[in-house]
Each structure stands twice: as structure tokens, then as C-alpha cells.
Amino acid sequence: MEEEETLTAEEIKERLYKLFQYYTSFGERNNVGYLKSHRFTKMMVDAEVRDDSLNQSSLDLLFVGELKHSGNLKFDKFLGLLSRTARVKYEQEIVEESEA
């Protein structure tokens with residue numbers, strides 16, 4: 001049985017940055033600076049996060065909510081978006097754990 005790899009916060013951030021760069025440059029090689037809504041959706045579909053409880057409309061609302069009129073979603077905002085997405089996706093499990 002393999003042991004799980006333990007990562008530091010910095011290592012996790014580095015991996016998330018590589019993921020961010022992959023999806024920002026997907027179909028647009030020179031863009032590594034900001035994520036577009038349809039690429040965020042693709043990321044969520046690829047990661048099997050999008051489902052009936054977190055549908056296209058929900059993802060769009062989360063994305064727009066994180067932009068706050070800035071126009072482009074840069075890496076720091078992407079991290080906030082991932083956090084908000086996880087809270088929406090796993091809200092029920094979080095509530096159940098806190099009640100236990």
C-alpha cells in the first residue's frame with residue numbers, strides 16, 4: 001500500500017499555479033495570466049466537479065462573483081474562486097462534519 005504524499009502549502013500553490021496556466025493557455029498559448037469563464041467551466045468538467053448541484057449557471061455566478069468588475073481572473077482570484085466553489089460543492093458535508 002502506498003503512502004499518501006504530504007504537500008506543503010507552497011507546493012500545493014505551485015501545483016495549482018501549473019493547473020491555472022494549463023487552462024489559461026488552453027487554445028491560447030500566449031495567455032498564461034488570466035482565466036476565462038468557459039475555461040474555468042472546462043476545468044470543473046474535467047475534474048468531475050460540475051454536476052446537478054453545481055451546474056453551469058452556478059459556476060458562472062461563482063466566476064462573476066469572484067471577478068468583482070475586474071474583467072480578468074488572475075491567479076490570486078482563481079484561488080478564491082476554488083475556495084468558494086469547494087464550499088458550494090461540499091456545503092452539506094461541511095455542515096454534517098461541524099454538527100458531529
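This is a predicted model: local features need pLDDT of at least 70, side-chain atom pairs count only at pLDDT 80 or more; totals for chains, interfaces and linings use all residues.
1. Residues are numbered from 1 along each chain as its sequence is written, and side-chain values use heavy atoms, with hydrogens and water left out.

2. The overall architecture is as follows. The protein has five helices and zero strands, and from the N terminus on its elements run α-α-α-α-α. Helices (H or I, at least four residues) and strands (E, at least two) are DSSP runs, numbered from the N terminus. The C-alpha trace spans about 45 × 35 × 20 Å along its principal axes. Of the 100 residues of the protein, 23% count as buried. Among contacts with a separation of 6 or more, 40% are accounted for by residues 24 or more positions apart.

3. The packing of α2 (residues 37–46) with α3 (residues 56–67) has an angle of about 125°, and the axes are 10 Å apart. That angle makes α2 oblique to α3. For these classes, angles under 35 degrees count as roughly parallel, over 145 as roughly antiparallel, 65 to 115 as roughly perpendicular and the rest as oblique. Axes are lines fitted to C-alpha atoms, for helices over the stretch in contact, and angles run from 0 to 180 degrees between N-to-C directions. On the α2 side the contact is made by S37, F40, T41 and M44, and on the α3 side by Q56, L59, D60 and F63. By class, this contact of α2 with α3 has four nonpolar, three polar and one charged residues. Here Ala, Val, Leu, Ile, Met, Phe, Trp, Tyr, Cys and Pro count as nonpolar, Asp, Glu, Lys and Arg as charged, and the others, Gly among them, as polar.

4. Helix α2 also packs with α1, at an angle of about 120° and with the axes 9 Å apart. The helices α1 and α2 are therefore oblique to each other, and α1 passes α2 in a right-handed crossing. In this contact L19, Y23 and T24 of α1 meet R39, K42, M43 and D46 of α2. Its composition by class is three nonpolar, one polar and three charged residues.

5. The axes of α1 and α4 come within 11 Å and cross at roughly 105°. These two helices are therefore roughly perpendicular to each other. The residues making the contact are K13, L16, Y17 and F20 of α1 together with F75, F78, L79 and L82 of α4. They divide into seven nonpolar, no polar and one charged.

6. The largest nonpolar core has 16 residues, and those with the most contacts inside it are L35, F40, L73 and F78. A nonpolar core is a set of buried Ala, Val, Leu, Ile, Met, Phe, Trp, Tyr and Cys residues joined through side-chain atoms within 4.5 Å. At least two residues of this core are supplied by each of α1 (9–25), α2, α3 and α4 (75–89). The largest share, four residues, comes from α3. Leaving aside neighbours within four places in sequence, L73 is in contact with F20, G33, Y34, L35, F63, E66, L67, F78 and L81.

7. E48 is not a glycine, yet has a positive phi of about 60°. The residue lies in the loop between α2 and α3, just after α2. E48 is exposed, with a relative accessible area of 69%.

8. Two further positions may be located. G80 is found in helix α4 and is partly exposed, with a relative accessible area of 21%. G80 and F40 are 40 residues apart in sequence and 13 Å apart in space, C-alpha to C-alpha. E99 belongs to helix α5 (residues 91–99) and is exposed, with a relative accessible area of 64%. The C-alpha atoms of E99 and F63 are separated by 29 Å, with the two residues 36 apart along the chain.

Key:
Contact means heavy atoms within 4.5 Å. Buried means under 20% relative accessible area, exposed over 50%, partly exposed in between (1.4 Å probe, protein chains only). A crossing is left-handed if the near helix is turned anticlockwise from the far one by less than a right angle, and right-handed if clockwise.
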